[in-house]
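I opened a new model today and took notes as I went.

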Amino acid sequence: MKHHGLGPVVAIANQKGGVGKTTTSINLAASLAALDQRVLLIDLDPQGNSTSGLGVNQKDVTSGTYGVLMGEYSLKESIVDTDFNRLFLLPASMDLAGSEVELVSEIGRELKLNQALDEYNGERFDFVFIDCPPALSLLTVNALTASDYVMVTLQTEFYAMEGLTQLMDSIRRIRQVLNESLAMDGILLTMVDRRNNLSTLVEQDVRAYFGSQVYEEIIPRNVRLSEAPSYGVPVMYHDVRSKGAQAYLSVAREFMHRREV
Ligand SMILES: Nc1ncnc2c1ncn2[C@@H]1O[C@H](COP(=O)(O)OP(=O)(O)O)[C@@H](O)[C@H]1O
Ligand SMILES: [Mg+2]
């Protein structure tokens with residue numbers, strides 16, 4: 001583990017937008033918290049969808065991911081409580097959008113988040129997730145450099161495999177240069193529609209190619225998942241019986257099971 005004082009860190013990444021990174025960050029984190037785990041979600045996307053999705057207003061955030069990255073605030077003082085037991089958030093402040101430009105001129109620019117996580121001196125978490133922006137940007141490189149694991153969310157659509165190969169190459173390069181201990185957590189298929197032939201074909205392809213790296217559980221397309229953020233709650237607090245809520249609870253169990261074996 002890279003950050004013993006903090007806990008195991010999992011980056012949720014894919015350079016494509018709209019493939020379920022944020023939905024997975026919020027709902028996997030909330031499901032694990034409901035399963036008695038102490039969880040921290042770090043919102044590293046300037047759009048701040050994980051922040052608003054957990055009911056926190058980005059405009060009210062003074063010390064968030066940006067301040068922590070730039071070394072202006074400590075991680076400990078910037079973590080906020082959410083309305084949900086055992087679930088904590090490092091919110092994305094509005095100024096995170098400018099960080100790409102400002103980071104470029106910093107020494108050790110790829111290591112900023114890693115350093116901030118190393119310096120954490122609060123109560124330990126069972127799991128820490130990082131919701132990455134939809135690009136292989138400096139922010140994503142910071143996330144992958146600071147993480148023990150990467151979870152890739154993949155929408156089962158036509159170009160899915162192509163984007164995945166590119167992402168796997170980037171992960172390999174990060175491993176060579178910046179973080180040799182970065183391990184693959186797994187690939188989670190999202191927005192799966194098993195009545196759709198293409199979705200099924202892509203799922204078969206990805207499973208044939210990546211084998212046990214692919215989560216057995218899948219996230220189906222479910223309207224409750226897209227509604228929940230507008231209420232500022234994880235889907236289980238919007239409709240616990242929905243297919244989406246049940247799927248993320250199953251993924252949370254598989255996630256925990258994967259590190260027992
Ligand atoms: N399984 C799903 N079923 C239905 N809608 C979903 C599902 N997963 C995500 N969405 C919706 O799709 C959009 C993109 O998802 P999001 O998690 O924000 O992707 P990313 O963070 O990768 O850009 C959002 O509007 C979200 O509510
Ligand atoms: Mg997102």
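**Sheet.** I started with the strands of this predicted model. Seven of them form an open sheet, and the order reads β3-β4-β2-β5-β1-β6-β7. The pairing is mixed. I then looked up the edges. They are β3 (80–81) and β7 (183–190), each of which pairs on one side only.

I picked one pair to follow. β2 (residues 39–43) and β4 (residues 87–90) run parallel, and four bridges join them. Within this pair, I found Ile42 opposite Leu90 of β4.

**Whole chain.** Next I counted elements. The protein chain has 11 helices and seven strands.

Of the 261 residues, 48% are buried. Among contacts with a separation of 6 or more, 77% are between residues 24 or more positions apart.

**Core.** Which residues have the most contacts inside the largest nonpolar core? I listed Ala29, Val39, Phe129 and Ala143, in a core of 79 residues. Leaving out residues up to four places away in sequence, Ala29 touches Val39, Leu41, Leu87 and Phe129.

**Ile12.** This residue sits in strand β1 (residues 9–13). Is Ile12 buried or exposed? I found 29 C-beta neighbours inside 10 Å; the cut-off for buried is 20 or more, so Ile12 counts as buried. Its contacts beyond four places in sequence include Lys21, Thr24, Phe129, Cys132 and Met151. Ile12 and Leu182 are 170 residues apart in sequence, and their C-alpha atoms are 13 Å apart in space.

**Ligand 1.** I finished with the ligand shell. How many residues surround ligand 1? I got 18, and the closest are Lys21, Thr22, Thr23, Leu225 and Ser226. Helices α1 (21–34) and α10 (223–227) each supply at least two residues of the shell. α1 gives the most, with three. By type, I noted six nonpolar, 10 polar and two charged residues around ligand 1.

Terms used
Residues numbered from 1 in each chain as written. Chains lettered and ligands numbered in written order. Predicted model: local features only at pLDDT ≥ 70, side-chain atom pairs only at ≥ 80, totals over all residues. Buried ≥ 20, exposed ≤ 12 C-beta atoms within 10 Å, placed from the backbone. Contact = placed C-beta atoms within 7 Å. Near = placed C-beta within 6 Å. Nonpolar A, V, L, I, M, F, W, Y, C, P; charged D, E, K, R; others polar. Core = buried A, V, L, I, M, F, W, Y, C linked by C-beta atoms within 7 Å. Pairing = 2+ DSSP bridges.
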